[in-house]
Amino acid sequence: MNYANMLKQLKKRLRKKRNRLSLAFWCIACLLALLSLLFPGFAASSLALVSGAPANPAAASAVNLPASPDKDGKKEVILHRQYACGEETTHLGSKTLREVQSLLTQHPGLRLEKTTFDRIELTEKINDLSAKCKENAYFGLDENGNLTLFDGLPSEKRAVRTFFQLDIAQLKSSLPVETVKQLYDGIRIRDYAEYTSVLSTFSDFAVKATTLTQ
């Protein structure tokens, strides 16, 4: 067989391989399209795998959620905002998985907390006081001498959060009588700056672990 015939045979083989590859690619494309229709989040995850691009961890967490019963592929989205004092829950309405992914990407503070067949729950931690806390929050002492945040006056005993036990003797010997009395009666907190200021001031009088074991 001369060189020209060898070249013709080689070209025929290459054309056959290309045809087989084209057919295989077409079959894969059809399969991906079908899966994308059945599972809305599949297309995004397939694209990430094929491209090798690093996925946003928060956004990627929403890709493999259960399929939605809604004909438009939407789920009810609920956002839980967790403040230094208080919590708020907001219903964001029905959203597609793509819209949820966009939220997670645009707001890095959001975290995927829980998913069900028809519902997605997100959380966000905020260094501030909730609107309710700003209206009625007080620092004071509980029955065990712990610095505690209350919903209302300490005498109403609606504790929201307990921080640490205070050395009352040291407290009374170091601070003015008016300040100590105010702590017992309740120190009104209206914003995050006051919240952190009170915590910082009274942390100096926290009972140390070594003291508790003596």
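This is a predicted model: local features need pLDDT of at least 70, side-chain atom pairs count only at pLDDT 80 or more; totals for chains, interfaces and linings use all residues.
1. Helices and strands in this note are DSSP runs numbered from the N terminus, a helix having at least four residues and a strand at least two.

2. As an overview for a reader new to the structure, the protein chain contains nine helices and eight strands. The chain has 214 residues, of which 28% count as buried. It exposes about 14,200 Å², and carbon and sulfur atoms supply 56% of that area. When contacts between residues at least 6 apart in sequence are considered, 51% of them join residues at least 24 apart.

3. The interior deserves attention next. In soluble globular proteins, nonpolar side chains tend to be buried together. Here the largest nonpolar core has 21 residues, and the ones with the most contacts inside it are Phe139, Leu183, Ile189, Tyr195 and Phe202. At least two residues of this core come from each of strand S1 (74–85), strand S5 (137–141), strand S6 (146–151), helix H7 (177–185), strand S8 (187–189) and helix H8 (192–203). H8 gives the largest share, namely four residues. Apart from this core lies another one, of nine residues, which includes Val77, Leu97, Leu110 and Ile120.

4. Leaving out residues up to four places away in sequence, Tyr195 touches Ala84, Leu129, Phe139, Leu149, Arg161, Phe163 and Ile189. Tyr195 has a relative accessible area of 4% and is therefore buried, the cut-off for that term being under 20%.

5. Aromatic rings form a further theme, with a count of four aromatic pairs. In one of them, the rings of Phe139 and Tyr195 have centres 5.7 Å apart and planes at 35°, so the pair is tilted. Because Phe139 lies in strand S5 and Tyr195 in helix H8, this pair ties together parts that are 56 residues apart in sequence. Phe139 and Tyr195 are both buried. The rings of Tyr192 and Tyr195, by contrast, have centres 5.6 Å apart and planes at 20°, so that pair is stacked. Tyr192 and Tyr195 are three residues apart in helix H8, so about one helical turn separates them. Tyr192 has 28% relative accessibility and so counts as partly exposed. Ring pairs also link Phe139, Phe163, Tyr192 and Tyr195 into a cluster.

6. A charge and a ring also meet in this model, since the charged end of Arg188 sits over the ring of Tyr138, at 5.6 Å from the ring centre, under the 6 Å limit used for such a pair. Setting aside neighbours within four places in sequence, Asn136 is in contact with Phe150, Asp151, Gly152, Arg158 and Arg188. Asn136 and Leu153 are 17 residues apart along the chain, and their C-alpha atoms are separated by 8.2 Å. With a relative accessible area of 28%, Asn136 is partly exposed.

7. Thr148 lies in strand S6 and has a relative accessible area of 0%, so it is buried. The side chain of Thr148 reaches the backbone oxygen of Asn146 at 3.0 Å. Not counting residues up to four places away in sequence, Thr148 touches Tyr138, Phe139, Gly140, Asp142, Ala159, Arg161, Thr162 and Phe163. Ser130, in turn, is found in the loop between strand S4 (119–129) and helix H5 (131–136). Ser130 counts as buried at 2% relative accessibility. With residues up to four places away again left out, Ser130 touches Tyr83, Cys85, Gly86, Glu87 and Glu88.

8. A last point returns to Lys157 and its backbone. Most residues other than glycine have a negative phi. Lys157 is not a glycine, yet it has a positive phi of about 60°. Lys157 has a relative accessible area of 59%, so it is exposed, the threshold for that term being over 50%.

Definitions and conventions
Residues are numbered from 1 along each chain as its sequence is written. Side-chain values use heavy atoms; hydrogens and water are left out. Buried means under 20% relative accessible area, exposed over 50%, partly exposed in between (1.4 Å probe, protein chains only). Contact means heavy atoms within 4.5 Å. Accessible areas come from the Shrake-Rupley method with a 1.4 Å probe; for residues, only the protein chains shown count as cover. A nonpolar core is a set of buried Ala, Val, Leu, Ile, Met, Phe, Trp, Tyr and Cys residues joined through side-chain atoms within 4.5 Å. A polar contact is a pair of N or O atoms within 3.5 Å; within protein, one must be able to donate a hydrogen and the other to accept it, and residues adjacent in sequence count only if both atoms are side-chain atoms. Rings of Phe, Tyr and Trp (its six-membered ring) pair if their centres lie within 6.5 Å; planes under 30 degrees apart count as stacked, over 60 as edge-to-face and the rest as tilted. A charge sits over a ring if NZ of Lys or CZ of Arg is within 6 Å of the ring centre and within 35 degrees of the ring normal.
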